[in-house]
Amino acid sequence: MRIDVLTLFPEMFDGVFSSSILGKARDKGIVSLNTVNFREYSNNKHNTVDDYPYGGGGGMVLKPEPIFAAVEALPKHQEAEEVPTQPRVILMCPQGKPFSQKIAEELSSEEHLVFICGHYEGYDERIRQYLVTDELSIGDYVLTGGELPAMVVIDSVVRLLPGVLGNEMSAVTDSFSTGLLEYPHYTRPAKFREWEVPEMLLSGHHENVKRWRRKESILRTLERRPDLLEGRELTKEEKVWIME
Ligand code: 6GU
């Protein structure tokens, strides 16, 4: 997968793109992560990328030319023996569609993603209309720019790519990929201070352990995120756990 990020602050991505899991995914050649400072595509001598809004009012608006030029200058991504694919062009903004694990899974099957990150200001509407394919928000709160949200989306997408997570860290049982919150985890010692690990987990009875974990997942979800259970078919046994 190839990922390009258009930003006025490329240095914000340095640590995140080279550390830990993302750094390893990059070293293994699973993903290519690139930043582009779209100020380099400004079409005027002062290198400005924003301007006053038509119609007046406060704030500045990102001009269309540098953003279109930067996207159009990106190398086409091409997998071996395949025709180049059109990238998804994703605008990070508070008005975007709320990001979710489902969207992360969908994006993880793309070959080329382009993220556009604005700072402080709005975007000229023609960027949305004629360049962008998706608009994403990471939640109902306001940040100063799209950089942190883009990093959030990129992290959650890249960790889903085959070969990125070792099997010691499976994406299959993650909270949200199962639609439920995760069950409680324990490791040694079996007794820490006066607190003991639940008996069931020490039993070595695989089927009972599985059922205990499923019950804990359901109860934790009911308590913390009942919205996740809405519209979900429950088994007879799950209904009993919830009634208890
Ligand atoms: Cl994508 N951008 C900004 N500026 N604020 C946000 C956001 C995005 N998502 C949540 N808050």
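Of the 244 residues of the chain, 23% count as buried. Buried here means that 20 or more other C-beta atoms lie within 10 Å of the residue's own; exposed means 12 or fewer, partly exposed is in between, and C-beta atoms are placed from the backbone. This is a predicted model: local features need pLDDT of at least 70, side-chain atom pairs count only at pLDDT 80 or more, and totals for chains, interfaces and linings use all residues. Residues are numbered from 1 along each chain as its sequence is written.

**Overall fold**

- The chain has nine helices and ten strands. These are DSSP runs, numbered from the N terminus: helices are H or I with at least four residues, strands are E with at least two.
- The radius of gyration is 23 Å, well over the 18 Å that the globule rule gives for 244 residues, so the chain is more spread out than a compact globule. The radius is taken over C-alpha atoms, and the rule is 2.2 Å times the number of residues to the power 0.38.
- The C-alpha trace spans about 70 × 45 × 40 Å along its principal axes.
- Among contacts with a separation of 6 or more, 73% join residues 24 or more positions apart. Two residues are in contact if their C-beta atoms, placed from the backbone, lie within 7 Å.

**Nonpolar core**

- The largest nonpolar core holds 35 residues, and Leu-6, Ile-90, Phe-115 and Ile-116 touch the most other members. Such a core is a set of buried Ala, Val, Leu, Ile, Met, Phe, Trp, Tyr and Cys residues joined through C-beta atoms within 7 Å.
- Elements giving two or more residues to this core are β1 (2–7), α2 (20–27), α3 (64–72), β5, α4 (101–107), β6 (112–117) and α6 (147–158).
- Helix α6 gives the most, with six residues.
- Leu-6 touches Val-36, Phe-38, Ile-67, Ala-70, Val-114, Phe-115, Ile-116 and Cys-117, not counting residues up to four places away in sequence.
- In soluble globular proteins, nonpolar side chains tend to be buried together.

**Ligand shell**

- Of the 13 residues around the ligand, Met-92, Ser-137, Ile-138, Leu-143 and Pro-149 come nearest. A residue is near a molecule if its C-beta atom, placed from the backbone, lies within 6 Å of it.
- Strand β5 (residues 88–98) gives the most to this shell, with four residues.
- The shell divides into eight nonpolar, five polar and no charged residues. Ala, Val, Leu, Ile, Met, Phe, Trp, Tyr, Cys and Pro count as nonpolar, Asp, Glu, Lys and Arg as charged, and the others, Gly among them, as polar.
- Met-92 sits in strand β5. Met-92 counts as buried because it has 28 C-beta neighbours inside 10 Å.
- Met-92 touches Phe-115, Ile-116, Cys-117, Leu-136, Gly-146, Pro-149 and Ala-150, not counting residues up to four places away in sequence.

**Annotated binding site**

- The unreviewed UniProt entry carries a "binding site" annotation that covers Gly-118, Ile-138, Gly-139, Asp-140, Tyr-141, Val-142 and Leu-143. UniProt positions are given in the numbering used here, feature names are shortened, and annotations may be inferred rather than shown by experiment.
- Asp-140 lies in the loop between β8 (134–137) and α6. Asp-140 has 7 C-beta neighbours inside 10 Å, so this residue counts as exposed.
- Val-142 is also placed in the loop between β8 and α6. Val-142 counts as exposed, with 7 C-beta neighbours inside 10 Å.
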